[in-house]
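Please look over the sequence and structure before reading on.

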Amino acid sequence: MNILDFTRDFPDEQSCEEYLKSHREREGVYCKTCCSYTNHYWFGTKKCFECSKCRRRTSLKAGTVMESSNLSLHTWFAAFLLMWATKKG
């Protein structure tokens, strides 16, 4: 992927959130309370997943390098692209 593809595929924060949400759903969302990959429901207004067993909420960034950051997903995705594009990554 080059910078032109990136700007086409991820023009705003919303597109980054949708991509990360679909990826997390495919891989499974881990619940730290239940210590398992349980069924989770998506809360669109809060932008987080909720465990169907214990009701613990998990954000999109939880469990990733982006977890404690205040940077936007779009900024993170751009940084990932630049790291991926360099020879020494």
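## Helices and the surface patch

Helices here are DSSP runs of H or I with at least four residues, numbered from the N terminus. The model is predicted. Helix H3 spans residues 73-85 and contains Phe80.

Phe80 has a relative accessible area of 34%, so Phe80 counts as partly exposed. Together with Val65 and Met83, Phe80 makes a nonpolar surface patch of about 300 Å².

In soluble globular proteins, nonpolar side chains tend to be buried together. The largest nonpolar core in this model has 12 residues: Phe6, Phe10, Cys16, Leu20, Val29, Phe49, Leu60, Met66, Leu73, Trp76, Phe77 and Leu81. At least two residues of this core come from helix H2 (13-27), and at least two from H3. The greatest contribution is that of H3, with four residues.

Leu73, a member of this core, has contacts with Glu13, Cys16, Glu17, Leu20, Leu60, Lys61 and Met66, leaving aside residues up to four places away in sequence.

## Cysteines without disulfides

A disulfide is a covalent bond between the sulfur atoms of two cysteines. How many disulfides does the structure hold? The count is zero.

For Cys31, the closest cysteine sulfur belongs to Cys54 and lies 3.4 Å away, which is too far for a bond, because a disulfide requires sulfur atoms within 2.5 Å. Cys31 is buried, at 0% relative accessible area. For Cys35, the closest cysteine sulfur is that of Cys31, at 7.7 Å, also too far for a bond. Cys35 is exposed, with 52% relative accessibility.

Terms used
Residues numbered from 1 in each chain as written. Predicted model: local features only at pLDDT ≥ 70, side-chain atom pairs only at ≥ 80, totals over all residues. Heavy atoms only, no water. Buried < 20%, exposed > 50% of the residue type's maximum accessible area, 1.4 Å probe, protein only. Patch = residues over 30% accessible without salt bridge, like charges linked within 9 Å, V, L, I, M, F, W, Y side chains within 5 Å. Areas by Shrake-Rupley, 256 points an atom, 1.4 Å probe, with all protein chains shown as cover. Salt bridge = Lys/Arg side-chain N within 4 Å of Asp/Glu carboxyl O. Core = buried A, V, L, I, M, F, W, Y, C linked by side-chain atoms within 4.5 Å. Contact = heavy atoms within 4.5 Å.
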